[in-house]
Structure formats: structure tokens, C-alpha cells
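I opened the notebook to look up a few places in one chain.

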Amino acid sequence: MNSFSRRDALIGLLGVGGTLGVGEPLFGNTEPSNYADQEYMFAPGLTYLNTGSLGPTPRSVLEATLKAWHELETNPVGMTYNDGSVHKLTDTVREKLAKFIGSTADELLITRSTTDAMNAAALGIGIGRGDRVLTTDVEHEGGSVGWKYLKKYRGVEIDLINIPPNDHDVNGIVRRLEKAITKQTKVISVSHVVTSTGLKMPITEIVALAKKYGILSVIDGAQAIGQIPVNVKNLGCDAYAAPGHKWLMAPKGTGFLYINKDSATKIHPVEREDGVRFIVESTGVGSMPLVVGMGAAVEAMLARGIAEVAKHNIELRNRAYAGLLKIPDIDVISAPPGPLATALVAFKLPAAIDSAEFRKKMRDKYNLVLKTTEKRWFNGMRISPHIFNTAADIDAALSAIRAELA
């Protein structure tokens with residue numbers, strides 16, 4: 001399998017030059033030998049298989065970010081307030097995001113991360129003592145902290161359904177959710193893709209379940225946006241939160257919150273109090289250059305085609321899955337190839353091997369970056385390849401894992 005072409009890699013440039021008009025090229029040699037060198041800035045020899053934690057910001061996206069930053073600093077007030085040109089660029093980012101996820105621009109709030117977006121949604125819902133939120137025990141801490149805050153300070157109760165690491169029965173998950181609903185349940189909040197195992201959750205069915213009982217649905221899309229096709233209107237959810245800095249490969253510190261127009265009277269974050277533009281009285285000044293960079297990342301993903309990205313990634317993931325099955329003493333936790341699989345694949349280590357130490361050995365001995373799964377779920381590792389990875393990267397990882405467990 002080959003990585004994307006250099007032409008695909010440069011799609012995200014959006015007309016931005018390598019010098020920003022202020023001197024020497026930003027990143028040295030502009031004609032390195034291959035695609036990965038051209039568009040990504042990994043340390044020499046590094047095999048990076050952890051996009052599920054943070055994606056690398058490509059050179060083209062970084063250049064777009066720095067161009068906007070340079071323009072901003074030529075006249076900070078002029079470029080920011082009264083429809084300053086850099087601020088106006090952030091409005092185009094909402095339009096690009098809307099095109100990418102199937103919403104309208106006025107349904108989107110730009111945030112710093114998925115957690116920021118989830119918190120805005122949680123605190124924007126008028127629930128309190130006696131009300132209940134239904135979620136799962138496989139949610140990322142960043143997606144659940146808002147609900148925990150409401151429990152601590154407003155008396156909201158949280159109900160959890162259990163999803164064991166190797167549970168791929170999505171119909172059973174929906175049944176357990178329905179069984180856990182009470183008359184006091186006001187919100188169902190789940191991840192689109194489970195962070196620990198990569199399981200693709202049955203969001204359409206879960207949203208339909210929520211609607212059946214008049215319950216709000218809030219979806220954590222941290223591991224979905226930029227990895228798999230997402231159309232929020234087809235999903236039908238009330239709110240959807242996602243980052244820019246994972247699979248979209250936007251600058252670190254970017255994200256967004258979608259709130260369905262029909263749900264806007266029930267979910268009203270303070271950040272939307274004076275409108276949905278990036279800088280209004282209710283938001284204050286944010287990092288406009290980072291947001292412009294997110295726009296460049298979305299534009300690049302639109303040009304590549306999310307279906308092609310997903311196809312590339314799932315092929316690498318399935319190669320990793322098949323190879324992991326052949327390694328003795330580990331247990332592959334993720335779903336087999338098929339409709340429930342995504343680019344994340346995880347495996348359980350033998351109990352005698354500490355996952356944190358194993359990760360360190362992978363990095364120190366093999367120049368390989370993997371992710372440990374949270375030990376509250378299982379003692380294991382996660383592989384998450386993206387468009388810059390190749391079959392050779394997967395094979396190198398399999399070889400390192402096999403060698404370390406021999």
C-alpha cells in the first residue's frame with residue numbers, strides 16, 4: 001500500500017507560500033525526497049501511529065496558520081474587530097466545517113477542543129437536581145467531565161451502562177441503554193467511536209432511541225471527525241462535539257460544537273449568547289490564526305475526500321489487526337474487519353507486562369509511537385494509523401511488538 005501522493009499532500013496549501021513574504025522559507029528545504037518529508041515534520045526515523053491522541057499538523061496547514069498570524073500582527077485591532085480581515089476568515093472556517101459535516105454554519109461554535117465543546121453543551125443544558133444523564137463506562141474523561149461537574153455542583157445523577165472491551169454487540173448496547181432510561185433521564189451522551197478500542201457505535205440508533213423518549217443526544221466525535229464520514233443531519237443528534245487536532249490534523253487547540261437548530265432552545269452555551277461568530281462579547285478574543293489553520297485542514301480533507309482517507313486507514317488498520325492476531329500472548333480487543341471497525345485497533349498485553357513500560361520501550365528501542373489504553377479498561381496498547389502512514393509502518397510496529405514479547 002502506498003501513502004497519498006505529494007499532490008494530495010499539497011492540496012491544503014490554499015495558495016499560501018512557504019515564506020509568508022517575510023524572508024527565508026519557514027521549514028528549510030521545500031523539495032525533500034518523499035511525501036512524508038514534504039508535508040510532515042516528524043523526527044528522523046520516527047514511526048508515528050498515534051493520531052488518535054494527536055495528529056501531526058502538516059506543513060501546509062502550519063503555513064496557513066502562520067500567514068494569518070503574520071497578517072494579524074500587522075494591525076491587531078484592525079484585523080480583529082469591526083470585521084477585520086483575519087476575523088472574517090474564521091467565518092469561512094465555519095462554512096467549511098459545515099460543508100464537511102453536513103450542517104449549516106450558524107449551527108457551529110468554534111472551540112478549543114472536544115472537551116471544551118462537550119463542556120459548553122453540558123453547561124448549556126438546563127438540568128439540575130433530580131435529572132439524570134445516561135452514558136457509558138468507556139467515555140473519555142474529556143467527554144464526561146462536564147457531566148461530572150453537573151453532578152458535583154447541580155445534583156445531576158449519572159447512569160452508566162457497561163461496555164466490556166471485547167463487546168461488539170451494538171444491538172445489545174442499544175438495548176442496555178434503553179433499559180437504563182428512566183423518567184428523569186434528560187440526556188444520552190456517548191462517543192461516536194470508542195477511544196479505547198475503536199468500536200464504531202450505533203449512533204443513528206442511539207439518537208433514534210433518545211428521540212423516542214424525548215431525551216437530548218450529545219455525541220462525542222473526538223475519534224470520528226477526519227477519520228470516518230460524518231453527517232450530523234443524517235445522525236439526527238442534538239449536539240456533536242469534535243476536535244481539530246486529531247484526525248483533521250489541524251493546529252493543536254482547535255475544535256467545534258454543532259448544535260442542531262431545532263435543539264438550540266434546549267442547549268444554549270454562554271458562548272453563543274451574542275452570536276456564533278468566533279469573537280463576540282460572550283466569547284472574548286480567541287486564537288484566530290489557529291482557527292484559520294483548522295480551515296486549511298478541513299479544506300485539505302475535503303479535497304482528499306473523507307471516503308478515500310477512511311479506505312486508506314482501514315486497510316492499514318486491518319493489516320495491523322491480522323498481524324496482531326498472529327502474535328502469541330496478546331489479545332486483540334477491537335472489532336474484526338467490518339462495519340464496526342475503524343482506524344483504531346487495540347490489544348491487551350499479558351498481565352505481567354506494564355503497558356506504560358511497554359510504550360516507553362517501543363519509543364526508546366524502536367522509535368515507534370503507540371498509545372497505552374487506560375488501565376481502568378484494560379492493560380494494553382492502541383495503534384491508530386492515518387494518511388501519512390504506510391504498510392511498512394504497520395509491519396515495523398508488528399515486528400517491534402513481536403520482538404519485545406518474544
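**Entry: charged residues under cover**

I began with Glu-39, which is buried yet has no salt bridge. The model is predicted. Glu-39 lies in helix α2, residues 35–39. I looked for the nearest side chain of opposite charge and found Arg-304, 4.7 Å away. What does the side chain of Glu-39 make a polar contact with? The partner is the side chain of Ser-60, at 2.4 Å.

I then turned to Arg-382, in strand β13, residues 380–383. Arg-382 is also buried and without a salt bridge. For Arg-382, the nearest side chain of opposite charge is Glu-374, 8.4 Å away. I noted a polar contact of 3.4 Å between the side chains of Arg-382 and Ser-53.

**Entry: salt bridges**

How many salt bridges does a search of the whole structure find? I wrote down 18.

I looked up Lys-365 and Glu-404, whose side chains meet in a salt bridge of 3.0 Å, N to O. Lys-365 is in helix α13 (residues 355–366) and Glu-404 in helix α14 (residues 391–405), so this pair ties together parts that are 39 residues apart in sequence.

Next I took Arg-176 and Asp-167, which form a salt bridge of 2.9 Å, N to O. Arg-176 is partly exposed at 30% relative accessible area. Asp-167 counts as buried because its relative accessibility is 12%.

Lys-151 and Glu-157 also form a salt bridge, 3.1 Å from N to O. Lys-151 is partly exposed at 40% relative accessibility, and Glu-157 is partly exposed at 30%.

I also found a network of salt bridges that links Asp-83, Asp-91, Arg-94 and Arg-277.

**Entry: positive phi**

Where is Asp-83 placed? I found Asp-83 in the loop between α4 (76–80) and α5 (85–101). Asp-83 counts as partly exposed because its relative accessibility is 45%.

Asp-329 has a positive phi too, near 75°, and is likewise a residue other than glycine. Asp-329 lies in the loop between α12 (306–325) and β9 (331–332). At 58% relative accessibility, Asp-329 counts as exposed.

**Entry: helix α6**

I went through helix α6, residues 114–123, and found seven of its ten residues buried. Among them are Thr-114, Asp-116 and Met-118. What covers the buried residues of α6? The cover includes helix α7 (141–154) and the strands β2 (108–111), β5 (185–191), β6 (216–220), β7 (239–243) and β8 (255–259).

Two packed helices are described by the angle between their axes and the distance between the axes. I looked up both values for α3 (residues 59–74) and α11 (residues 288–304). Their axes come within 8 Å and cross at roughly 145°. The crossing of α3 and α11 is right-handed. Which residues of α3 meet α11? They are Val-61, Ala-64, Thr-65, Ala-68, Trp-69 and Leu-72. An α-helix has 3.6 residues a turn, so residues three or four places apart point the same way. On the side of α11, the residues met include Met-288, Val-292 and Ala-296.

**Entry: two sets of contacts**

Ile-101 is in helix α5. Ile-101 counts as buried because its relative accessibility is 0%. Leaving aside neighbours within four places in sequence, I found Ile-101 in contact with residues including Leu-108, Ile-225, Val-230, Phe-256 and Tyr-258.

Arg-132 is in strand β3, residues 132–136. At 23% relative accessibility, Arg-132 counts as partly exposed. With neighbours within four places left aside, the contacts of Arg-132 include Val-156, Glu-157, Asp-159 and Thr-182. The side chains of Arg-132 and Asp-159 are joined by a polar contact of 2.7 Å.

Notes:
Residues are numbered from 1 along each chain as its sequence is written. This is a predicted model: local features need pLDDT of at least 70, side-chain atom pairs count only at pLDDT 80 or more; totals for chains, interfaces and linings use all residues. Side-chain values use heavy atoms; hydrogens and water are left out. Helices (H or I, at least four residues) and strands (E, at least two) are DSSP runs, numbered from the N terminus. Buried means under 20% relative accessible area, exposed over 50%, partly exposed in between (1.4 Å probe, protein chains only). Lys and Arg count as positive and Asp and Glu as negative; His and the chain ends are not counted. A salt bridge is a side-chain nitrogen of Lys or Arg within 4 Å of a carboxyl oxygen of Asp or Glu. A polar contact is a pair of N or O atoms within 3.5 Å; within protein, one must be able to donate a hydrogen and the other to accept it, and residues adjacent in sequence count only if both atoms are side-chain atoms. Contact means heavy atoms within 4.5 Å. Axes are lines fitted to C-alpha atoms, for helices over the stretch in contact, and angles run from 0 to 180 degrees between N-to-C directions. A crossing is left-handed if the near helix is turned anticlockwise from the far one by less than a right angle, and right-handed if clockwise.
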